[in-house]
Amino acid sequence: MKTAFPTINAFMEANSVMPRKHGAALANLAFGSLHHDVQATLVSGVDAGRHLAFLSADTLELDLDDPTQRQLGDYELLELIGEGGMGVVYRARQVSLDREVAVKLLAAGPWASRDFIDRFRREAQNAARMQHPNIVAIYEVGTAAGLHFFSMRLVRGRSLAQIIHGEAPDAPLRVAALMRTVAEAVYYAHRLNVLHLDLKPANILIDEEGEPHVADFGLARRLDSALATDTNEVSGTPSYMAPEQAQTRLSKLTAATDIWGLGAILYELVTGRPPFRGDTAQATLRMLIEGQIRAPRRFAPKLSLDLQAIILHCLEREPTERYPTARALAHDLNRFIEGRAVLVRPLNMMQRTARWSRREPRLAATGLLAASALVLGLLATTQQWRRAQGNASVAASNATLANDRLWQSRLDQAATALRDGHSYDALPLL
């Protein structure tokens, strides 16, 4: 939707005399509409609660052909590039520093509720605290022309969602390497007591170098706040939400909630589809609460059993049965990449040896040659020893025979001497 008013300020000053034809635009700008993923989240036995964080992108799509609407304080808005959890995102130029940035505007504009504004600012504060190469950096938080905004690093590239929808599933090793980096970034956020709570492919931005960046902390909560323990809100994207997010006041939201989100992204990367996807948000939430995860190999038969074990461990229904930390997940993904046994699927001795051989082919070949040489040497030595033993036995037998013949010859000579009456000559022989 392109808004028709000349500027935000002028519109606010003259809103009492605004033409009737702009009434619909004002209502849409002020209140927005529910995000398509959560517009129907009431299911049997589930309290959907409030959905302040799901306003659609067209609620604040300005007419960038109008120079007055294009200017926002120190920023010149250039292009609408996406939608976050609570607002719309523009590619912009920061005039004072002559650099391109991304600017996120609060979706409900200047008419947002105080709760909505506080949540928007909390997103900026949570993200601004984090200085990590794989988390989108925040530059400035402010208000201009009655609009709340924050500027952040512009990641040139595509979101993971765009890549998944436009291409076939990637190679398992590349998928594992990508998600290992994302898991490390999420672990960093957890160390700062921040839960993301909306991890999904659309919130993973891939830059021109192929590096992932975690974005959109619009639903983030602090681990040490009351929001992380008791809440009457269902917040998140149904296809990537953990079961405890969909059932209010039944479970605490912990780091395990984000680990489910990482597992759901992994699941979609290897199968081309999220773990649960119904025709409506209501149907998806019902599947999430009542359904069972189908093994990824059902959709990707050639998928490694190790990677499947990692994914399913992330998607355990009980939070305590998932990986204890995002770093533990990253470490298991690293073991998979290196060809070692993953911790969630231990191997026997033969399997570990085979894995080691594939991981270290040169060393394995050298060891095999050394072992073969040792065995051959032992066989040759044993043969020689047996041959020598045989020769010694023959020699001993021959010596005994010669000795016996010698004594028999002397006895014969003594007997002859005695018979001939030469007893004195027989004495030495006896």
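A salt bridge is a side-chain nitrogen of Lys or Arg within 4 Å of a carboxyl oxygen of Asp or Glu. The legends below use this term. The model is predicted: local features need pLDDT of at least 70, side-chain atom pairs count only at pLDDT 80 or more, and totals for chains, interfaces and linings use all residues. Residues are numbered from 1 along each chain as its sequence is written, and side-chain values use heavy atoms, leaving out hydrogens and water.

**View 1. Aspartate 198 and lysine 200 form a salt bridge.** The N to O distance is 3.8 Å. Aspartate 198 is buried, at 5% relative accessibility (buried means under 20% relative accessible area, exposed over 50%, partly exposed in between; 1.4 Å probe, protein chains only). Lysine 200 is also buried, at 12%.

**View 2. Glutamate 100 pairs with arginine 156 in a salt bridge.** Their closest N and O atoms are 2.6 Å apart. Glutamate 100 sits in strand β4 (residues 99–106) and arginine 156 in the loop between β6 (147–152) and β7 (157–159), so the pair ties together parts 56 residues apart in sequence. Helices (H or I, at least four residues) and strands (E, at least two) are DSSP runs, numbered from the N terminus. Glutamate 100 is partly exposed at 29%. Arginine 156 is partly exposed at 42%.

**View 3. Arginine 345 meets aspartate 306 in a salt bridge.** The N to O distance is 2.7 Å. This pair links distant parts of the chain, 39 residues apart. Arginine 345 lies in the loop between α11 (326–337) and α12 (349–359), and aspartate 306 in helix α10 (residues 305–314). Arginine 345 is partly exposed at 24%, whereas aspartate 306 is buried at 2%.
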